[in-house]
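Hello,

As promised, I am handing over the structure we talked about. Please open it alongside this note, and my findings follow below.

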Amino acid sequence: MTTHLSAREFVDAIEGGLTVDRQRHLDVCAACQTEVETLRTIVVDLDSDADLPEPSPLFWEHFQSRVNAAVREEAMVPSRAAWWRTLPGAGAMRTWLTAGATVAALVMVTAIYLRAPVDAGRPVDAGAALEETVVPDEAALVLGGAEWEFVSGMLETLQEDDVRRVLTPSRNAVDAAMGNLSESERKTFLRLLQAEMVAGME
Amino acid sequence: MNATSQASEATAVRATHLDLTSAEDRVLVAAFLAGSHDAFNVIVARHQRQVYQICFRFVRNHEDAADLAQDVFVRAFKGLKNFKGNSTLGTWLYRVGVNCCLNRVATKRPATEPIEESRHVDQRADDPLRAVVRGEKAAQVRRAIAKLPPKQRATLLLRVYQELSHEEIAGILGSSVGAVKANFFHALRNLKRLLQS
């Protein structure tokens, strides 16, 4: 006894492409015949939704302009973060750049914190307890325009899995990321990071 | 520039445009890659309906279908340099379109059928009652198709409504012909179960 039709053979059967050999089985197998008939009925039912509402002729007249406008818009939007995607090894560099952006942000926030002026109105008391702390000016903690632009530009490119990868402690993650870079890529990355940090501090 | 040379330049432009509109797809692609934006416009005009239709089949409303179709051509504009000519341009555009649609349906599922769809009555039937019944059936079919797994849905739409061959669908979905047929079979079986429930 031959085996019942397979999934692919059922499709061939409803489309009239079954081999002679398998057609012979179908001719004598009631179960397969029932299945073929059921599938054919479904295909007929699908025909009920064959027609689509046609958009107005105006839509087609304007569609091309719409596409062209979208293409122009794509070309005009500068991708602040895209420049480094074109670098060789950019895929591997992205993880390290992400880590670098986070570190850079922390460094800048710390630098701003440390730059906060001491309250000049209070006389310095040599005998004051060492645990007395100076409360920095709250406004000084807010990143300036250029600084924020640098950080937000780098952060814009972060994707959720990048953030998770960076912030989730994992053994040797940084070493692994660095290990993926070639020597020249590492040098390029460090040069770029330095340039961005300098630009961000100005 | 005198009138004669202006007229001959206009004639040359028209002739070039006519050449493009009658050119085969691979010629248009070559012209586009050589810098002809007109060639891209001809590609859009030639394939816009097919792209819009497959997008509409996925999202079932005009606004989203129009946005998706636009997105497909923007991606085509950027990606045509990677078109190797192993398939037809139409098949390649279907692939871009299906990928856009699959990404879209994965992130955004419409809660209900748009009103314009549910009121769409099949004009083919002479009998008004038959038209209403057919319209209801079509609505049931649409709801069932929307519940299919994405690849089964894509296979079914491309095979039944866009009438592509299994080989073309395999190229679009990155599958084998056997896998396409199996997907199609399971799509039909799932539809049977959904329509009966």
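In which helix of chain A does A:Glu35 lie? A:Glu35 is part of helix H3 (residues 30-46) of chain A, where helices (H or I, at least four residues) and strands (E, at least two) are DSSP runs numbered from the N terminus.

Before going further, some conventions. This is a predicted model, in which local features need pLDDT of at least 70 and side-chain atom pairs count only at pLDDT 80 or more, while totals for chains, interfaces and linings use all residues. Residues are numbered from 1 along each chain as its sequence is written, chains are lettered from A and ligands numbered from 1 in the order in which they are written, and side-chain values use heavy atoms, with hydrogens and water left out.

Back to A:Glu35. Its relative accessibility is 12%, so A:Glu35 counts as buried (buried means under 20% relative accessible area, exposed over 50%, partly exposed in between, with a 1.4 Å probe and protein chains only). Leaving out residues up to four places away in sequence, A:Glu35 touches A:Phe10, B:Phe185, B:Arg189 and B:Lys192; contact here means heavy atoms within 4.5 Å.

**The two chains**

Chain A has nine helices and zero strands, and chain B has 10 helices and zero strands. Of the 202 residues of chain A, 31% are buried; in chain B, buried residues make up 45% of 197. Taking contacts between residues at least 6 apart in sequence, 66% of those in chain A join residues at least 24 apart, and for chain B the figure is 59%.

Where the chains meet, 33 residues of chain A are in contact with 47 residues of chain B. The area buried between them is about 3,700 Å², and carbon and sulfur atoms give 63% of that (buried area is the accessible area, with a 1.4 Å probe, that two parts lose on being put together, summed over both). On the chain A side, A:Leu46, A:Asp49 and A:Trp60 lose the most area to chain B, together 17% of what that side buries.

Helix H1 (residues 7-14) of chain A is mostly covered, with seven of its eight residues buried. The buried ones are A:Ala7, A:Glu9, A:Phe10, A:Val11, A:Asp12, A:Ala13 and A:Ile14. They pack against helix H2 (20-28) and H3 of chain A, together with H9 and helix H10 (177-196) of chain B. After H1(A) comes A:Gly16, with a positive phi near 75°.

In helix H2 of chain A you will find A:Leu26, which counts as buried because its relative accessibility is 9%. Not counting residues up to four places away in sequence, A:Leu26 touches A:Leu5, A:Ala13, A:Leu18, A:Cys32, A:Gln33 and A:Val36. A:Leu26 and A:Thr2 are 24 residues apart in sequence and 9.9 Å apart in space, C-alpha to C-alpha.

The axes of helix H3 (residues 37-59) and helix H5 (residues 89-107) of chain B come within 10 Å and cross at roughly 35°. Axes are lines fitted to C-alpha atoms, for helices over the stretch in contact, with angles from 0 to 180 degrees between N-to-C directions. This crossing of H3(B) and H5(B) is right-handed, meaning that the near helix is turned clockwise from the far one by less than a right angle. Among the residues that meet are B:Ile54, B:Cys55 and B:Phe58 in H3(B) and B:Val98, B:Cys101 and B:Leu102 in H5(B).

B:Cys55 and B:Phe58 turn up again in the largest nonpolar core, which has 78 residues: along with B:Leu80, they touch the most other members. Such a core is a set of buried Ala, Val, Leu, Ile, Met, Phe, Trp, Tyr and Cys residues joined through side-chain atoms within 4.5 Å. Setting aside neighbours within four places in sequence, B:Cys55 is in contact with B:Arg60, B:Ala65, B:Leu68, B:Ala69, B:Val72 and B:Cys101.

**Two positive phi values**

B:Arg60 lies in the loop between H3 and helix H4 (62-79) of chain B, and its phi is near 60°, a positive value in a residue other than glycine. B:Glu163, in the loop between helix H8 (150-161) and helix H9 (166-173) of chain B, has a positive phi near 55°. B:Arg60 is buried, at 12% relative accessibility, whereas B:Glu163 is exposed, with a relative accessible area of 64%.

Best wishes
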